[in-house]
Every structure is written in C-alpha cells, then in structure tokens.
Amino acid sequence: MLFSELSEYFDRTESTSSRLEMTTVLAELFRKSTPEDLRHIIYLSQGKLRPDFCPEELGMADRLVLRAVSFTTGVPEEEVERLAVDTGDPGRVAEVLVAKKKQMTLFSEPLTLDRVLSGLRTIESSDGRESQERKMKHLANLLHDSGPLEARYLCRIVTGRMRVGAAAMTILDALAEAFSTKEDRPEIERAYNITCDLGLVGMTMASGGMDAVRGIGVKVGNPIKVMLAERLPSIAEVVAKMGGRCAMEYKYDGIRVQAHIGPDSVKLYSRRLEDLTSNFPDVAESLRSRFKGEEAIIEGECVAVDTSTGRMQPFQNVTHRRRKHGMDSAVKEYPVRMFMFDCLFADGEDLTVRPYLERRSRLAGVFDVSDGIGMSVMRVVGSPEEGADFFREALDAGCEGIMAKSVDEGSVYRAGSRGFLWIKYKKDYHSSMTDSFDLAVVGAFYGMGKRAGVYGALLMAAYDPDSGVFETVCKLGTGFDDAFLKNLPELLEDHRSTERPRSVTSKMVPDVWFEPAVVLEVVGAEISLSPIHTAAMGSVKEGSGLGIRFPRFTGRVREDKSPEQSTSTREIEEMYLLQGPSSEE
Ligand code: AMP
C-alpha cells in the first residue's frame, strides 16, 4: 500500500467527530489491506510500530524533527521553528512546508508503507555516537519523498503525536464491520483482552475470519487485560450480592503485577502494560525458582515489607520500585513481597475460563512459597458477620480492605472488565460515602496570588470506555503542596495540546489543555448533579452531568494507571446512586 493512501484515510478519520463515521472509514481501509499490512496499519494508527506492551524508542524531540523538515524543504531552521511555535504541531509545519516545496520538485520515489516501516525501524534502532544526526537524516529521507499529508503523519508518528482519534474500541468496531458482524464483537474484544495486541487480532481476522479469532488463546508473553472489581458500600451488601457466600481476600495496598513465567525467563507487567521486570528483579527470581511447572501467568500485588517484622509498609515505600534509575539501591532499601491472588494460565491450559476456586487451588499447587512470594490471605465466608470479622483482620494486618470474589461455577476471570464477580470494600468507605477517584488531568488554570506563575488548579476527567471519551468531573485546586505545584508544569509539559483534545468533552475552557496521560488520585465529599461537568451527561438527569464536590488531591500520582484506567463515568454514576439523595452544584 502507498503511504499516501494510508495518510488520506488517517486524515478522513481525523476529520470526523462521529465515532460511527470513523468506524466506517477505518473498516473501508481495513478491507483494502492485506492481513500483514493491516497489522502494521493498526499499530501506526496508534502511533506505534508494535503492540502497546512492547517498549518503543521512536520518540524524536521536536527540534530534531524540525531540523529534518528544514533539511528537506530548504527553509531555514529559525523559520521552521517559528512556525512550530505558532501551530504547536511539527506535523502541521511539515505539511505546510512540504506542500510549498512539492510545487517545485520533479522527481521523487513513491513512498510505500513498507518503506515507511523500515525507515521508522531504522530511526528507532539508531543509537550510539551521532545517532541524533542519523535519525534526522533517515526522517529527512522519508520526508523527501512525501506529499504534504504523508509529511504530517510521519512527523506526528515520530514525535508521539499520532492521535487520529481511533481508540481501541473503535478499531474493534471497525474490524467487526469490515470482516464479520456486530454479533461477533464480544468475541473479537475477548481476543484483544487476552492478548493486548490489536494488530494481531486484526491480522488474524483478515486472514482467517472469526474461526481464527476464536482460536486466539492466552499465551505467555502477551499480557492479559486485568480483571477489575465493583464496589458496594457495606459488607452486608457485598455478601448479599454474592448470594450469601463468597471468598474474601485481603486487599493489599501495593502495585499489581502480572507475571509471565516462561521456561527460561520471567516478565512482569504492570496493569498498564509496562514491563516492570527490572523494577522487581527479586520477585522475578523468586517466582522462577519457586515455580514447579514449565509455564504460567499469575497475578499478585507487590507490597513493601519490613523484613525484620514481616509487617507491610505504606504504599509510598513500594513506589520507590517504580523508578527508572537507581534500581539496585531501591531493591535493597525497599524489600517487597508479592501476594499472589490468581492464576490465568498454567502449563498449556487457559485457566481464565475456569472458576475462581479452581484457579486459586492451581496457584497454591504450583508454587513453593518463600520470603519473597506468598499467597494472598483468603477465607470463604458464609455470612455478613464472618465477612466483618475478616475485614477487621485485614485492617489489623495493615491492608486497606477486602476483595470479595464469587465462588460460583461461572466465576471466570473476565479479562479487561469490571463486574460484580469481584467486589472491593475499603476502610475509607466507613468515613465517606465515596471511594477515591483516579482522574486524568485534561486541563490547567493559571494560578493567582500565591500561586501566580504556576498552575493553580487542574481540570480533571473520568473515562467512558464505551465511547472512548474523557468527561470532566471537577476542577481540582486543593491538596497540592508547594513542591508538587512547582513540578506540575514539567509533569504535564509533554502532554500539552494547543486545542481541546479530541478525546475530551468539556464545557469548561481551561488556560491550557492536556492530552489525557497523567492520572491523579482524588477524594471528594460527595458526587452531585452538575450543570458544568460532562461526566455521565444526561444519564441521571437530562442536561446534567455529575461533578465531585470539594475534591482534594491525595498526593498520589497514579503512575501505575493509564488514562483509560481512570475511574469510569459509569462508576461515578454508580457511586452517585449509592450515596442516596444529593444536592445540586
Ligand atoms: P482499585 O485499584 O481500588 O480499583 O482496586 C483494585 C486493585 O486492588 C487491583 O487492581 C489490585 O491491584 C489490588 N488488589 C489488592 N489485593 C488484591 C486481591 N487480593 N485481589 C485482587 N486485587 C487486589
């Protein structure tokens, strides 16, 4: 396929705000592509060369990209940079300047998708001395044979700005539209949830249809989207919802890790698909040496512990293990223990489709526990009283609450979904009606008075996974200390956007917009109907959204959560309904 044709499709996708239209355009593109091309087109539409869980080093600095634009078009660097300041997007600058130059160029070789892919891979792998210069030249080479649209997308891809607006859910819709029917959509989504690889699902569908998609299985090395829990406001309701009997586990306050144990190596993934193996080398080592089988995928929570007393330490301690540098000393200083709670695959068998108690007993059977790894504490309870006793024990042990888990025959592992097969109950539910929220920063307001010169408040949003849209729920100005305020611009800088991001709906207009990327933990007094916030708009009352009253930052940046893992608008709606009658903002 020619890259010009692909760029036209990207442009058409970007030009519409209707998800239905976007799906139709993508479906048309998918039908035209060979299975192998389709795989790469899907990655590229997300600005990547590989699936999400593979780390990528493509990110070129804007200045370098602008130099490549100057190199190919002959426009002086200062002028290119000035244009970039005006538009805030090197892609647009490249588009405009390449368009001007094209009128004068006679010869160029057509740019194929294959050539673009191999050029981008070369850019990615250039390292060592003068690698920046070489990256710049490789990009200039591609730009030389680009038309204006191709230049726009090439520059967006290499700078990490490729946002044609196609969320994963839209791509799955488009795959269903292109190769099968809406009825098959849940099975297509399941294939994605158990592999986290949209390109693989697309390629499989295009080559072998739904039969091949049904054959996609759980595999060591492909992270599985994590299962999540619903919440209820009392232990009695939790036990009742579970039918009077359920398992309860301690809810540990640490970092969730999904371990993929292969015959020779272990890989650890966070719930946002980052590779955490080098952050927890001790855990990886214990898992491999204590595992009695060949291959497995298991989940657990890594918690900082005091090795002399065995007591669990606050969440802040384990966050030292998320650093990029200085891991050797953090490993020594902050010992951790992994509390294993699920087994999704063991020696060739997909256990995600098996009931909870069976998964649990497989887990207990395949490991010898040690100092570094152990089983989460679990008990099957048959009444609210037993549940309340277990909850108190969990708090005494230093945990934040309990996770109730269904023991029914149908208690499968629902990859990527939040449901009542797991229900969480935390100690903060005692003191306030609402749980904490994990919200994405989508905007900032400049501060006044004491906060002049820094951001004074942030516009925060929840996520609606069905539409792929971030909807605002509060303006957050409380709970920041001076050091955090000072660092905020740096934390957010890479995500600045010149206009409201396509994935955000908002009635408020902040001074600065951000692409959703940074997630903060927020507590609030209550949720109320709001005329200004767009979360769950119209679902409780026509013309009203939901807003969080008196929001306060807890001090926790949720680096372990991707923006799409923010509290969902449906959860906010449920919390609103749980808290009973409320006031209007
Ligand atoms: P939350 O982040 O509040 O939605 O709670 C869900 C998280 O609790 C999971 O993603 C895990 O990181 C964590 N967790 C702690 N203990 C357990 C457990 N025993 N079972 C499942 N998840 C647990």
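Me: Hi! What volume does the largest cavity have?
Reply: Hi! The largest cavity has a volume of about 80 Å³. Keep in mind that this is a predicted model.

Me: Okay, and which residues line the largest cavity?
Reply: Among them are Ile-42, Tyr-43, Gln-46, Tyr-192, Cys-196 and Leu-198. The helices α3 (35-45) and α12 (198-214) each supply at least two residues of that lining.

Me: How many nonpolar, polar and charged residues are in the lining of the largest cavity?
Reply: By class, the lining has six nonpolar, two polar and four charged residues.

Me: How many cavities of 30 Å³ or more does a search of the whole structure find?
Reply: The search finds two. The second largest cavity has a volume of about 30 Å³, and its lining includes Met-227, Leu-228, Arg-414 and Leu-421.

Me: Which element gives the most to the lining of the second largest cavity?
Reply: That's β11, with three residues. By class, the lining divides into three nonpolar, two polar and two charged residues.

Me: Switching topic: which pocket is the space taken by the ligand?
Reply: The ligand takes up the space of the second largest pocket. About 670 Å³ of space lies in that pocket. Of the 36 residues that line the second largest pocket, the closest to its centre are Lys-251, Arg-271, Glu-400, Lys-426 and Arg-558.

Me: And which element gives the most to the lining of the second largest pocket?
Reply: β11 again, this time with four residues. As for the classes, ten residues of the pocket lining are nonpolar, four are polar and 22 are charged.

Me: Now the ligand itself. How many residues surround it?
Reply: There are 14 residues around the ligand, and the closest are Glu-249, Arg-256, Arg-271, Glu-301 and Lys-424. The shell has five nonpolar, no polar and nine charged residues.

Me: How far do polar side-chain atoms of Glu-301 and Lys-424 lie from an oxygen atom of the ligand?
Reply: For Glu-301, a polar side-chain atom lies 2.5 Å from a ligand oxygen atom. For Lys-424, the distance is 2.5 Å too. Lys-251 also has a polar side-chain atom 3.1 Å from an oxygen atom of the ligand.

Me: So how much of the ligand does the protein bury?
Reply: Taken alone, the ligand exposes 500 Å², and the protein buries 95% of that.

Me: Last one! Which elements give two or more residues to the shell around the ligand?
Reply: Those are β2 (246-251), β10 (401-405) and β11 (418-426).

Key. Residues are numbered from 1 along each chain as its sequence is written. This is a predicted model: local features need pLDDT of at least 70, side-chain atom pairs count only at pLDDT 80 or more; totals for chains, interfaces and linings use all residues. Side-chain values use heavy atoms; hydrogens and water are left out. A residue is near a molecule or strand if one of its heavy atoms lies within 4 Å of it. A polar contact is a pair of N or O atoms within 3.5 Å; within protein, one must be able to donate a hydrogen and the other to accept it, and residues adjacent in sequence count only if both atoms are side-chain atoms. Accessible areas come from the Shrake-Rupley method with a 1.4 Å probe; for residues, only the protein chains shown count as cover. On a 1 Å grid over the protein atoms alone, a cavity is a set of points where a 1.4 Å probe fits but cannot get out, and a pocket is an open set with protein on both sides within 12 Å along at least five of seven lines; lining residues have an atom within 4 Å of a point. A molecule sits in a cavity or pocket if more than half of its atoms lie within 2 Å of its grid points. Ala, Val, Leu, Ile, Met, Phe, Trp, Tyr, Cys and Pro count as nonpolar, Asp, Glu, Lys and Arg as charged, and the others, Gly among them, as polar. Grid points are joined across faces, edges and corners, and a volume is the space filled by probe spheres set on the points.
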